[in-house]
Amino acid sequence: MKRIIACIDASPCVHATADAAAWIAQKTGRQLILLQVLDYRFASEHLSAFGGIVGFESNAMLLQELEELDKKQRQLAQQYSYDLLQHISEYIAEKFGIQVVTIQHQGEFLEQTLKDLQADDIAVIGKVGEHAAESHKPCGSNVERLIRAAKTTVLVVGESFSPAKHFLFAYEHSEICQAILKRVGQSDLLKYLTCHLVYVGTQNGILDKPMDYLKFVGLEARAEYLYGDVAESLIAYQKQHDIGLIVMGAFGRNKLYQFFLGSTTLKILKASDVPLLVVR
């Protein structure tokens, strides 16, 4: 069964993440899974910082105290994680009538998350996590790392979510983009939405064949040619037409670092008020 993996933490995006994941589940019939990763270091892991500063006897006493602190910290963290998953599970059940599966891990976020993700999953993650929200960053580091490393489609959601009726797909003439277009045409989610196929540049007629393909697979679509800065043009078009979802492609492991970091995708992710779906 195809799945949605919603990455849950105590960030301002948590309820929007749940809303987006439930919306996808309703549209596609996918199984909805909530994933919560306890990603932090316990107190005793910091003991090495004291090495050579305090004596062996003091070191041993300190280690014993820190181990006791770790035990309590671990219990509280696990209870926190359990309570968070319970709260979001009940929220989704009450609002959408969907029963979810929960997964709880302890460790580094990306490592633990990648263990659970399968190629045909849709991962949903908040635009900012707990730590990014505390430091007022526009985008959390886990978002960037997940998109770069995951082999699956990733939906990035801000602090609020509204179901989309239209999506914008930014097209360029390349073999990679044509392959991503086919993934768009085969998507069990996007087939329910109207596609705005947008090209920013000066090559007239470049959207003719992509439009033929989208119509062939049964998607309702319209073509639009824009000029100017790519990111600014796409954002302006999205706002002008009140489009609820932006779709872009991940161009593979070798090129994705350059494509995502400091690129059009990152600019759009930071500037856009609507979710960004990065397709593989």
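Does Arg 222 count as buried, partly exposed or exposed, and at what relative accessibility? Arg 222 counts as partly exposed, at 36% relative accessibility, where buried means under 20% relative accessible area, exposed means over 50%, and partly exposed lies in between (1.4 Å probe, protein chains only).

The model is predicted: local features need pLDDT of at least 70, side-chain atom pairs count only at pLDDT 80 or more, and totals for chains, interfaces and linings use all residues. Residues are numbered from 1 along each chain as its sequence is written, and side-chain values use heavy atoms, with hydrogens and water left out.

Helices (H or I, at least four residues) and strands (E, at least two) are DSSP runs numbered from the N terminus. Both Asp 188 and Arg 30 are buried.

Glu 108 and Arg 145 form another salt bridge, their closest N and O atoms being 2.4 Å apart. Here too distant parts of the chain are linked, 37 residues apart, with Glu 108 in the loop between strand 3 (101-106) and helix 3 (109-116) and Arg 145 in helix 5 (residues 141-149). Glu 108 is partly exposed at 28%, as is Arg 145 at 26%.

Arg 222 pairs with Glu 224 at 3.7 Å between the closest N and O atoms; Glu 224 is partly exposed, with a relative accessible area of 23%.

Definitions and conventions:
A salt bridge is a side-chain nitrogen of Lys or Arg within 4 Å of a carboxyl oxygen of Asp or Glu.
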